[in-house]
Amino acid sequence: MTLTTTSSPPVSGGSGAWRSVRAELRRRTSLKVSVAVVAFFALMTVAAPLISALGGWGPEEFDKSAVDPYLGGLPIGPLGGVSAEHWLGVEPVTGRDLFARVVHGAQVSLLIAFAATAIVVVAGVAAGVAAGYFGGRTDTALSRLMDLTMSFPSLIFMIAMMSVARDVDRTLLMILVIGLFGWPGVARVVRGQTLSLKHREYVDAARVGGSGPWRILARDILPGVAGPVIAYTTLMIPGMIATEAALSYLGVGVRPPTPSWGQMIAESVAYYDTDPMYFLVPSVCLFLTVLAFTLLGDALRDILDPRGGRS
Amino acid sequence: MNKRTYTLATALVTTLALGMTGCSDGKKSDGSRDRKNPATSNNGAVVGGTPQRGGTLTVLSNQDFTHLDPARNWVMPDMDFGTRLLYRTLVTYAAQPGAKGTELVPDLAEDLGTPSDGAKTWTFRLKPGLKYEDGTPITSRDIKHNVERSFSPDLPGGPDYAARYLVGGKDYRGPAEGRHLDSVKTPDDRTIVFELHTAFAEFPFAATLPTFAPVPKPRDKGPQYDSRPFSSGPYKIETYARDKQLVLVRNTHWDPGSDSVRKAYPDRIVVTMGLKGNQIDDRLIASSGADASAVSWAQLRPESISKVLTKADVKARLLAESSSCTEMVQMHTGRAPFDDLKVRQAVQYALDREAIVTAAGGPAVVDASTAAMPGALFTGGTQPDTLKIPLSGDVEKAKQLLKEAGKADGFSTRLTVSMNDKRIGEAVQESLGRAGIKVTIETVDPSAFYDTIGDTKSRTDLVYTGWCPDYPSGSTFLPFVFDGRFIKAKGNSGNHSLFKDDATIERMDEIAAMSDGAQANKAWQELDGQILAKAPVAPGASKRRTLLIGTNVAGAFGHTSWSGQLDYATVGLKDPSKSAN
Amino acid sequence: MILYLGRRLLGVIGVLLAIAAVTFVIFYVLPSDPAAAACGKACSDERLEAIRAHMGLDAPLWRQFGDFVTGIFTGRTTGSGQYALRCDFPCLGYSYENSEGVWDLLVDRLPVSASLAVGAAVLWLLLGLTAGVTAALRKDTLTDRVLMVGAVAAASLPVYFTSVLLIYGLIRLTGLLPYPQYVPFTADPLSWASNLLLPWLALAVLYAAMYARQSRGSMIESMAEPYIRTARAKGLPRRTVVVKHGLRAGMTPVLTIFGMDLGGLLAGAVITESLFGLPGIGRLFYGALSTGDQPVILGVTLLAATFIVVANLAVDLLYAVVDPRVRY
């Protein structure tokens, strides 16, 4: 499907590319902001227990005094129960601290998104390089498999697989299931890129020089596909976060009481008019993260893969 | 009635916990709490006055009916809808709010049935001149036909009282291949005789179930009868698009003179299905235009409760009749650590029922439970508190009990809840955690819930589930939930604590053999407390059925015998001209 | 061309068979028991076995799958005696829940999902392509910046958020639109549109943003192609160059994602249908999943897969029409 892979300039020189990333970073404000947002949420993910300890509440700790049971468990106080004790208010019904939950929710959501992305990248690069470099039957078989996987109604299958599985770690299952349907996208990009690199002079030179196929793959091909893959991957992460949210929204996500953004949004949608704060907090977090990754991905693509590997 | 049937009805779309529970007059006990319950002021009364004849009543629903085929209809709200509007049964419940709704009245039959042979044979005689929607007469053979249908494996899901009590029921497989059940006799067009293998004094209660409604053989299309049941009641089906819309119009062959229960006020009843629960709530709160003549099928969503209770005019249109189900934390008594009485008692003490009530929608629509049986089965309609544990639990006592059991450091265990009860599961988890019992929650899709917890080997130690009596008698509750002889390795139902106690079993047999109903009732009530002391379960909560009605709706009340569902026999409109066509 | 088409169609059938097999394995190997679910409470073992046999669930997995596949073409009979259900080609079986034919259910629900998908697609193509092409032609101007910032932001909005915002603004607050309740186009086109406008908008916002970004990129790329420069050099009017040459080539990648998106949506936008309570394929699937109604689940999966592979095929064929560089 990649129609325009003929004239990509060699992007093998990793150091040069990173230098231009740094230059670009200094130039674009949007990029600075998005890097900051991504860093912020990444930090939140890593240090979730520490950060939520600052607020003094655990993510699973009930606070009966913060909700009014006679009003269906609506938080007491303005803005969904925002107070010195609960910085972002509380969850209706349970009175759990929203700040603690959104911080821990970031951990779960981003963990799932990153891990699923990692699976997709590893599987996609392996399949793409193999198909592109070895060609022949390997290529045919792998390409068929890609076509088949892409023909699956993926959301429907993910819902189905999540809902029938029992007695398993749901976070792990979700990572695997999301990863399962994502790899052909990367594989196609990598395959196209590999095909175009395979007959470059420097690759031919290495081959003539007696390098084995593994050595060529590792030293010449992989660095060459790295740029487009990084850009593609960054742009994929928002989709992964959104998929986690969608699955959780449909009730097949992580196991309670573990918070995730998707699960928080799913539960808070119904409260949009009675407790808007509850709905806004996870929605805004999701929005900001997706936005930041999209901007970052755009910029990385412009730098690392100017001709665009996404077709 | 098992809660399974509710669950099947409650599609995933309804995240509101499975409804319909409570004690029929439980509102009185709420006075002792710190605030007066704001939701129950309409209980025991008819809301909106007497309706006028005519107009279109709209029912806003979030789901389709599970089954309208009378041989398969065993979901409380659906049974109310079916038997009040589409088909008549031998006997039915009076159309009265409050406790009077548990009184039986003859429907197709002339009386409540005549027992003979020590209540092993029951004879009913039909009223004269009863007709179907096409004017053909209703005969006793048609009732026999539907009873036979309920045995067919092609038509699963319905009440099994016929299968449980009729002679020869064990091996009968329905009428599809031309075989008939000899223990149901129809000596003439108006007489039907049931021969049972054991004495069953409460048979008239069973005869209110849709199994005992007529189905004319020529109209019987097997599984597809479900989409077009043939009417013997005041309305017939004009169109039925599954999961979208059901339109009922008057059955002109129904004779009001033969029917002391159904009033049939509206000309048309339109059920719109598959709407979002909170959008139904918003429409009925606003109650503008055609929505003024609408009633809700779905229960009020928890997040809408604050919008209703804070407005007096909306609150006045809320029905919150409690129904007869209780939910509890059931412990696997056959497996460590719950084979130890002290550990089970620790769970009873650690459980925070206030948190469960809040999780299920708050004290306005849920009552904390202090007994296993619902209040409706106790004298005075209120559950006694035999355990005397504070509603929010007694963590110190629980810790002490755990220490005595040699589990001073607590332990880890797992709890299965239906997806709809996720919040309740979290409340259980949090409250047991206070005593050092670390609970992992398994949420299971409602459709798979009873299969999952029915597998006694692979299931978790704890399950949160309940039971609803089929009619107001302890005999439809305690034996189902605590008789150890009915435990099955797979497909186990009711007794999810796997409680096997010889003294309890002996006592249940004694009570079942009592001929004096009042004495038996008292004995069931005492047994309830004795069982709780052995702690196979920790009482949880009892939910109410919360239904909003439009401003133009009259004659509305929640019927106690159908889990607080709106009684469709008497509901109608104040001003029919204001309704949509 | 015909050879190519034949080969592709054969591939389509293979893919569908593979998908059916995978679905079968997922739902039949895992521990859920539709017979027990249908049987109801206090089900005796004998009755359960009888029901299982009537549902055809007592046969081994491969037999069930074989029966299903051949049954699609030859039809199948379930049940016994007077209660037997006969379903003819194309036979996808009967719903366990309400004994309706799965094929009839799909045919009944498809117009809802199709109305939703096609209406939204028209909206998002209009909005997205206009914005994208405008931005591309005014690359690096203020218009371009504003449009693209807007697109990135809109694409990042969770669909729940947009939906809720729309419901609140257009229904609750102003009463401009009714609560969505599907009305068939044939019954009343006007109320069909007014009821669907909200879900259309909710879907279109997200997709329009993605399409604006995509079409801007490929438009810029195609306008830089040598043959466009030639066309310009020939002195053709800018309009002709943009529409006839630039747009045609630039739309090829957009067409690819459009085919995939529309194919996916036709088979039910699960979340949107669930948010707005529309009785489409997505809700059918979701309901079937919650009740364990396997024939319906299988039917929807196959339908969805069919839409995706057919959309892919259509896209590939359309390439030849749209992009002058592609020939088969």
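What follows is a run of questions about labels, with the rule behind each answer.

Q: What kind of model is this, and what are the ground rules?
A: It's a predicted model, where local features need pLDDT of at least 70, side-chain atom pairs count only at pLDDT 80 or more, and totals for chains, interfaces and linings use all residues. Residues are numbered from 1 along each chain as its sequence is written, chains are lettered from A and ligands numbered from 1 in the order in which they are written, and side-chain values use heavy atoms, with hydrogens and water left out.

Q: What makes D273(A) and K307(B) a salt bridge?
A: The rule asks for a side-chain nitrogen of Lys or Arg within 4 Å of a carboxyl oxygen of Asp or Glu. For D273(A) and K307(B) the N to O distance is 2.9 Å, so the pair qualifies.

Q: Why does the pair D273(A) and K307(B) join two chains?
A: D273(A) sits in the loop between α12 (261-268) and α13 (276-304) of chain A, while K307(B) belongs to helix α7 (residues 305-309) of chain B, so the link runs from one chain to another. Helices here are DSSP runs of H or I with at least four residues, strands are runs of E with at least two, and both are numbered from the N terminus.

Q: Which other salt bridge does D273(A) take part in?
A: D273(A) also meets R172(C), at 2.7 Å from N to O. Across the interface of chain C and chain A, the rule finds two salt bridges.

Q: Why are R262(B) and D259(B) called buried?
A: Buried means under 20% relative accessible area, exposed means over 50%, and partly exposed is in between (1.4 Å probe, protein chains only). R262(B) comes in at 3% and D259(B) at 7%, so both get the label. The two also form a salt bridge, with their closest N and O atoms 2.8 Å apart.

Q: Why do R190(B) and E110(B) count as partly exposed?
A: R190(B) has a relative accessible area of 25% and E110(B) has 40%, so both fall in the in-between band. This pair is a salt bridge as well, at 3.0 Å between the closest N and O atoms. It links distant parts of the chain: R190(B) is in the loop between β6 (184-188) and β7 (191-195) of chain B, and E110(B) is in the loop between β3 (104-106) and β4 (114-116), 80 residues apart.

Q: How do you know that S248(A) is buried, and what does it touch?
A: Its relative accessibility is 7%, so it counts as buried. S248(A) is part of helix α11 (residues 213-249) of chain A. Contact means heavy atoms within 4.5 Å, and leaving out residues up to four places away in sequence, S248(A) touches several residues, including M174(A), G253(A) and A266(A).

Q: What makes the bond between A336(B) and P337(B) cis?
A: Omega is about 0° there. P337(B) is in the loop between β13 (326-331) and α9 (341-350) of chain B.

Q: How do you know that chain B and chain C are in contact?
A: By the heavy-atom cut-off, 54 residues of chain B are in contact with 45 residues of chain C. The two chains bury about 4,200 Å² between them, 48% of it on carbon and sulfur atoms. Buried area is the accessible area (1.4 Å probe) that two parts lose on being put together, summed over both. There are four salt bridges between chain B and chain C, and one joins D243(B) to R109(C) at 3.3 Å.

Q: How much do chain C and chain A bury between them?
A: About 3,600 Å², with 75% of it on carbon and sulfur atoms. Here 46 residues of chain C are in contact with 39 residues of chain A.
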